[in-house]
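Morning, everyone. Let me put the model up, and then we'll walk through it.

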Amino acid sequence: MRLLQEYLDFFHDEHIVLDDLSKKKNAPQTSTETPKAEPEEEISSKSISPDIFYIKISSFGYENIAPFKELIEKNKEKIESSKGLIIDVRNNGGGTDDVYQPLLPYILTNPIRIMSVEFFATQTLVNGLRDYAIKNIKQDSLNEVKRIDEDLREYRENIGKFVLYGDEKVIIDTIVLNKKSPQQVIILANRNVASSAENFLFSSRQSKKVKIMGTPSMGALDYGSIREFKFGCDNYQLLLPTYRSTRLPQYPIDNIGIQPDIYLDESITDWIDFAVRYINE
């Protein structure tokens with residue numbers, strides 16, 4: 001395990017993961033008598049003042065798509081009437097871009113440029129995409145299954161090659177902006193922000209009214225969409241990325257991170273208070 005991990009560490013890619021499943025199986029059971037700490041909420045919001053609204057989201061996991069959309073809809077009027085909006089994504093290790101989409105109409109000021117990705121076509125990728133698509137169709141329709149198989153045809157025909165997702169390397173995304181939105185948006189981010197959470201920073205910073213405060217993010221965005229790859233050892237689970245960004249090699253982010261507009265050093269202990277004072281100045 002140690003030698004395998006040293007080999008994988010050579011790539012400096014947070015999307016390459018090797019898990020020892022035997023350790024998880026043999027892990028001692030936690031005593032039921034020991035009280036467990038209450039898990040911290042991944043999604044929350046509050047009005048800091050009549051003019052400032054705060055949203056915290058520490059995971060863009062798939063399970064948060066519906067709850068986060070509900071949170072935005074529930075607080076629509078508060079967000080629209082706020083002078084300042086603080087979005088706290090500290091310690092958000094990523095998940096899916098679908099989670100943060102409801103926020104974009106409130107924080108963007110203009111169309112954004114999104115770099116596409118190139119998938120490395122393998123049978124594992126094809127099987128994974130097909131299984132995921134079939135699970136998400138509303139009914140067991142043969143027409144839907146045929147459409148999914150047709151969408152995957154290019155990957156099947158190019159096994160062992162990179163396949164561009166979509167038709168263009170650069171996509172201009174024209175988000176329909178909300179008529180009422182905050183004048184200023186502060187995003188709090190730290191070293192533990194990674195993957196799709198970095199994608200959120202990458203898109204948001206193109207807005208003229210967004211400031212990112214904190215520290216550089218982790219730098220785990222050049223490769224992504226991890227899937228399990230079987231390699232002949234049932235005691236280990238190997239997860240590998242399946243795409244690379246078309247930003248490469250000109251604009252790497254891995255092991256560099258997305259830089260904040262305003263760096264918050266160790267002397268600033270309360271980041272939320274700093275953001276509030278910045279908005280009010």
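Start at arginine 156. Its relative accessible area is 35%, so arginine 156 is partly exposed. The cut-offs: buried is under 20% relative accessible area, exposed is over 50%, and partly exposed is in between, with a 1.4 Å probe and protein chains only. Arginine 156 meets aspartate 149 in a salt bridge, 3.4 Å from N to O. Aspartate 149 is partly exposed too, at 23%. By salt bridge I mean a side-chain nitrogen of Lys or Arg within 4 Å of a carboxyl oxygen of Asp or Glu.

Before going on, the ground rules. This is a predicted model: local features need pLDDT of at least 70, side-chain atom pairs count only at pLDDT 80 or more, and totals for chains, interfaces and linings use all residues. Residues are numbered from 1 along each chain as its sequence is written, and side-chain values use heavy atoms, with hydrogens and water left out.

Back to the charges. Arginine 153 and glutamate 150 also meet through their side chains in a salt bridge, 3.0 Å from N to O. Both partners are partly exposed: arginine 153 at 41%, glutamate 150 at 43%. Shared partners link Arg130, Asp149 and Arg156 into one salt-bridge network.

How many salt bridges does the structure hold? The count is 11. One of them joins glutamate 80 to lysine 76, with the closest N and O atoms 3.0 Å apart. Both residues lie in helix 4, residues 76–81, four residues apart, about one turn of the helix. Helices here are DSSP runs of H or I, at least four residues; strands are runs of E, at least two; both are numbered from the N terminus. Glutamate 80, at 18% relative accessibility, counts as buried. Lysine 76, at 34%, counts as partly exposed.

Now the overall picture. The protein chain has 10 helices and 15 strands. Of its 281 residues, 41% count as buried. The C-alpha atoms fill a box of roughly 60 × 50 × 40 Å along the principal axes.

On to the sheets. Two strands pair if DSSP finds at least two bridges between them. Look for alanine 189 opposite glycine 214.

Next, strand 6, residues 117–120. Strand 6 pairs antiparallel with strand 14 (243–245), over three bridges. There, valine 117 has serine 245 as its bridge partner. Strand 6 also pairs antiparallel with strand 7 (162–164), again over three bridges. Here glutamate 118 stands opposite leucine 164.

Most residues other than glycine have a negative phi, and most peptide bonds are trans. Which residues join through a cis peptide bond? Leucine 248 and proline 249, with omega about 0°. Proline 249 sits in the loop between strand 14 and strand 15. Asparagine 91 has a positive phi of about 65°. It lies in the loop between strand 4 (84–88) and helix 5 (104–107). Serine 195 has a positive phi as well, near 55°, in the loop between strand 9 and helix 9 (196–204). Is each of these two buried or exposed, or in between? Asparagine 91 is partly exposed at 45%, whereas serine 195 is buried at 17%.

Last stop: the second largest pocket. Its volume is about 270 Å³. A pocket, on a 1 Å grid over the protein atoms alone, is an open set of points where a 1.4 Å probe fits, with protein on both sides within 12 Å along at least five of seven lines; lining residues have an atom within 4 Å of a point. The volume is the space filled by probe spheres set on the points, which are joined across faces, edges and corners. The lining includes Leu4, Tyr7, Leu8, Phe231 and Pro241. Helix 1 gives the largest share of that lining, three residues. Tyrosine 7 lies in helix 1, residues 2–9, and at 53% relative accessibility counts as exposed.
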